Amino acid sequence: MNTSTRAAAFSDLPIAGVGRRLAALLYDLLILAGLMMVYGFVAIPVASVFGKLNCQPETLDYSPCVGGPLFQLGAVAVIAGYFFWSWRAAGQTVGMRAWRLMLANPDGIRLTWGQCLLRATAASLSIACLGLGYFSAWARADKASWQDLISKSQVRLLPKNKK
């Protein structure tokens with residue numbers, strides 16, 4: 001499929017609504033919860049052994065490990081890695097697949113790493129503002145959220161698979 005055909009096919013799809021986007025985000029939060037459990041399961045023992053942090057497994061006091069900037073930076077890396085990898089590899093996270101959403105440039109080409117960074121930053125800001133960046137899409141004719149506008153990307157609704 002050439003670029004013009006791909007762009008026509010992607011731009012022919014309807015733009016995803018806010019409800020579907022938030023539902024996909026909820027699914028992704030469940031995936032992230034699991035990833036963070038695995039991260040904590042690995043990172044806390046590593047930090048207590050190699051980091052010479054004052055983690056106290058015998059008293060179950062892990063606050064020096066979990067409260068440290070290195071642990072938190074690793075957590076941000078896990079979260080960003082999940083989204084960046086999903087967006088770059090397939091244009092979809094697990095939640096987006098469940099709700100038949102596709103993320104790409106307006107011409108149907110996958111996001112660049114820079115667009116992923118801009119999108120993640122804008123989405124974090126949107127969530128920090130109590131979802132205002134998502135809900136503002138209701139007021140726009142093009143249904144674009146803050147992260148769509150800043151990263152110059154679109155989320156489209158894929159058609160149902162015919163069986």
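A salt bridge here is a side-chain nitrogen of Lys or Arg within 4 Å of a carboxyl oxygen of Asp or Glu. This is a predicted model, in which local features need pLDDT of at least 70 and side-chain atom pairs count only at pLDDT 80 or more, while totals for chains, interfaces and linings use all residues. Residues are numbered from 1 along each chain as its sequence is written, and side-chain values use heavy atoms, with hydrogens and water left out.

Q: How many salt bridges does the count come to by this rule?
A: Side chains of opposite charge can pair when their charged atoms come close. One of the pairs is D142 with R140, at 2.9 Å from N to O. By the rule above, the count of salt bridges comes to 3.

Q: Which residues are linked in a network of salt bridges?
A: D148 meets R21 at 2.6 Å, N to O, and R119 forms a salt bridge with D148 in which the closest N and O atoms are 2.8 Å apart. D148 counts as buried because its relative accessibility is 4%, where buried means under 20% relative accessible area, exposed over 50% and partly exposed in between, with a 1.4 Å probe and protein chains only. The network therefore consists of salt bridges, as defined by the nitrogen-to-oxygen rule, that link R21, R119 and D148.
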